[in-house]
Amino acid sequence: MKDINLLNYLSKNDIDIPNGINVSVVSLPSQINKSLEINKAKEENRHANMKFTFSDPNYSGLGDKFDWAESCIIVSYSYISENNSNLGFSPGRGSIAKFAKEDYYVPLKEFVNLIKEHFKKENLRTEEFIDNPKHYDRLFFEQSGLGWQGKSTMMLSPGKGPWQLIGNIYVEKKFDVEVKKDYSCGSCNLCQISCPTGALDDDFILDSNKCISYWLQSPDIIPHDMREKIGNRFYGCDECLISCPPGQGGIKNFNTDTSVDLNQILNSESQELVELYNWFYIPKRNGDYLKRNAIIALANNPSSDTREVLISLLKSQSELVRFYTIWGLWKIGEFEIVSQYLDIKNEKSEMILQEYQRLNEMIYSNK
Ligand code: B12
Ligand code: SF4
Ligand code: SF4
């Protein structure tokens, strides 16, 4: 049977490609396997104990997952065309990385479902993966001709750069394949220079232990130096994307403020925050982790009422909130006030007592 061009096939079957969606395909079996690299990241502890694809690298990194699959369709969604910059650095405001400003997985999932439904009617098997721990979504991107892996580890496309989310659909049908193009970053290293933490110091390798995007979704205690580097980021980090030249053509408006009001976040109920930002990865679906992020961002970018806001948080029922608030007051130079509002003698939380002690010693040793 003759192979078929995927785009012609979709059009013949009345499947329109929406704005921002890019599609391509690879033929299977592919012999592509990224298990070795994912295992290596895990062995070298560059994965910072994350689970995701690191739970079972031998499966997540495997390209040829299903013996019935003849192709894998790669779908990406370029979210930059519908979004603006998050460079809102006015006092008291925090930033959300562009990929999370809205649930941009929705348009990607809708298109993937459309394709799935079509093949179902044709009695052909499919299996899709979008941000699923069982599959490394970047697996076939280069082979499909859509672009290349940059030194930031992001998959980039000409004219679109890194501003895209990726999904894969295995399908029981053969298509013509794109010839892999010879793209590369060349001598550019702007993402490495722009990364605030040095997480990209080795070409094409990310050390998640140093990645702000990782820490803002980690349940672990964020180290003091990392809290400072987080700056006013509330969720995600875009520094290695903003600096990337192939992605700059699509940025329409750098001046639009799409930042969040950190006070408002800190005045909300934790459960409300989980609902409001339901597409975020929030550890244990506990909104206190978003308050943690907001306290750090606010202390790094305070407004005139930050001191009062933080003082009121010392009475919070949440151990996590009280813990980070102590640091927040220390960061804005108001540590001495903590003992007036926090009942240190009766404080039961060991982690709060230790934090108080550590910050106290840091002030003492600086005097
Ligand atoms: C875990 C995870 C994270 C972790 C770790 C990221 C990472 N780079 O591994 C954290 C929390 C830090 C993270 C952050 C972000 N993430 Co994330 N994340 C994932 C997830 C769930 C798994 C990624 C994974 O398996 N990594 C394993 C490591 C080993 O892979 P890797 O870093 O790509 O490493 C490769 C290279 O090092 C390469 N390599 C090694 N040597 C060499 C040499 C050469 C020459 C070359 C070319 C390559 C090369 O080999 C490795 C394997 O291929 C995927 C979704 C999924 N299920 O796949 C999304 C995913 C990677 N994330 C995504 C996004 C959007 C982000 C953020 C931009 C969000 C933000 N704005 O804050 C940042 C970007 C940070 C960055 N620079 O990567 C998108 C990326 C889309 C794209 N265009 O590439 C994905 C694919 C989700 C999706 N479905 O769209 N993420
Ligand atoms: S997301 Fe931020 S911290 Fe992480 S590698 Fe990119 S620039 Fe560095
Ligand atoms: S900033 Fe430069 S080196 Fe980094 S991913 Fe983009 S093109 Fe490649």
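Me: Before we start, what conventions apply here?
Reply: This is a predicted model in which local features need pLDDT of at least 70 and side-chain atom pairs count only at pLDDT 80 or more, whereas totals for chains, interfaces and linings use all residues. Residues are numbered from 1 along each chain as its sequence is written, chains are lettered from A and ligands numbered from 1 in the order in which they are written, and side-chain values use heavy atoms, with hydrogens and water left out.

Me: How many helices and strands does the chain have?
Reply: There are 15 helices and nine strands, where helices (H or I, at least four residues) and strands (E, at least two) are DSSP runs numbered from the N terminus.

Me: And how much of the chain is buried?
Reply: Of its 367 residues, 53% count as buried, meaning under 20% relative accessible area, with exposed being over 50% and partly exposed in between (1.4 Å probe, protein chains only).

Me: Switching to ligand 1, which residues come nearest?
Reply: Thr53, Tyr136, Asp137, Arg138 and Phe204 come nearest among the 38 residues around ligand 1, a residue being near if one of its heavy atoms lies within 4 Å.

Me: Which polar side-chain atoms lie by an oxygen atom of ligand 1?
Reply: A polar side-chain atom of Thr53 is 2.4 Å from an oxygen atom of the ligand, and one of Ser213 is 2.8 Å from an oxygen atom of ligand 1.

Me: Which element gives the largest share of that shell?
Reply: Strand S7 (164–171) is one of the elements giving two or more residues to the shell around ligand 1, and S7 supplies the largest share, three residues.

Me: What about ligand 2, which residues are around it?
Reply: The residues around ligand 2 include Cys195, Cys211, Cys237 and Cys240, along with Glu239.

Note on methods: A polar contact is a pair of N or O atoms within 3.5 Å; within protein, one must be able to donate a hydrogen and the other to accept it, and residues adjacent in sequence count only if both atoms are side-chain atoms.
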